[in-house]
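Colleague: I have the coordinates open and would like to talk them through with you. Could we take it one question at a time?

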Amino acid sequence: MIDYRIDRGSGVPAYVQIVEQTERALRMGFLKVGDKLPTAKEVVAATAINPNTVLRAYRDMEQAGLVELRRGLGTFVTRSLARPGAQDDSPLRREVTDWVARARAEGLERADVLALVTAALDAHDNEHDNEHDSPAPGDRGRKKEDA
């Protein structure tokens, strides 16, 4: 079962943190289809947030098709977000885990690591976008109207 942690100093609303943590657990394969989420009462006891906040997060996830609220039974995962490479036993996951350990050993804080990963993803996405924007080899020098 997932344990939610609310960072009150992050500026991110608590219900969004619950949704993001659930999505992350779904992507990593920690939560699987059929798994039961903690009850609102359990989340409130663990995090000291308002029950309506938990219910809002669960409703948002239900609207997104990630969970199903079953009256009297609880909230259950209905869809996985896991992709190959994200599982605990994947080589890619081990490489990332090793890289994060090295980054932390070098003194980088969580925000530094996230900034590095975000910058690398942005650079990759920009390169990938530019590959699609450049003209095909036979189209160089031709105007769009001529193509």
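Predicted model: local features only at pLDDT ≥ 70, side-chain atom pairs only at ≥ 80, totals over all residues.

Colleague: Which residues does Thr78 touch, not counting residues up to four places away in sequence?

Modeller: Thr78 is found in the loop between β2 and α4 (91–105); helices (H or I, at least four residues) and strands (E, at least two) are DSSP runs, numbered from the N terminus. The C-alpha atoms of Thr78 and Gly34 are separated by 6.2 Å, although the two are 44 residues apart along the chain. With contact meaning heavy atoms within 4.5 Å, the residues that Thr78 touches are Val33, Gly65, Leu66, Val67 and Glu68.

Colleague: Stepping back, what pattern does the chain follow along the sequence?

Modeller: The secondary structure comes to 5 helices and 2 strands. Buried residues make up 24% of the 147 residues. Read along the sequence, the pattern is α-α-α-β-β-α-α.

Colleague: In β2, what is the bridge partner of Arg70?

Modeller: Strand β1 (residues 67–70) and β2 pair in the antiparallel sense over 4 bridges, where pairing requires DSSP to find at least two bridges between the strands. Their hairpin has 3 residues between the strands, and Gly72 takes a positive phi near 85° there. The partner of Arg70 in β2 is Gly74.

Colleague: Which residues of β2 point the other way from Gly74 and Phe76?

Modeller: In a regular strand the side chains alternate between the two faces of the sheet. Strand β2 covers residues 74–77, and all are buried. Gly74 and Phe76 point one way, and the other way point Thr75 and Val77.

Colleague: Which residues is Thr75 in contact with, leaving aside neighbours within four places in sequence?

Modeller: Thr75 sits in strand β2. At 8% relative accessibility, Thr75 counts as buried. Its contacts are Asp35, Lys36, Leu37, Tyr58, Val67, Glu68 and Leu69.

Colleague: How are α1 and α3 oriented to each other?

Modeller: Helix α1 (residues 14–28) and helix α3 (residues 51–63) pack at an angle of about 45°, with their axes 8 Å apart. Axes are lines fitted to C-alpha atoms, for helices over the stretch in contact, and angles run from 0 to 180 degrees between N-to-C directions. Angles under 35 degrees count as roughly parallel, over 145 as roughly antiparallel, 65 to 115 as roughly perpendicular and the rest as oblique. The orientation of α1 and α3 is therefore oblique.

Colleague: By how many Å are the C-alpha atoms of Tyr15 and Ala57 separated?

Modeller: Tyr15 lies in helix α1. Not counting residues up to four places away in sequence, Tyr15 touches Thr53, Arg56, Ala57 and Asp60. Tyr15 and Ala57 are 42 residues apart along the chain, and their C-alpha atoms are separated by 4.8 Å.

Colleague: And which residues in α3 do Ala40, Val43 and Val44 in α2 meet?

Modeller: Helices α2 and α3 pack at an angle of about 125°, with their axes 9 Å apart. That makes α2 oblique to α3. The α3 residues that they meet are Pro51, Val54, Leu55 and Tyr58.

Colleague: Last one: what is the phi of Ala48?

Modeller: Ala48 is found in the loop between α2 (40–47) and α3. At 62% relative accessibility, Ala48 counts as exposed. Although Ala48 is not a glycine, its phi is positive, at about 60°.

Note on methods
Residues numbered from 1 in each chain as written. Heavy atoms only, no water. Buried < 20%, exposed > 50% of the residue type's maximum accessible area, 1.4 Å probe, protein only.
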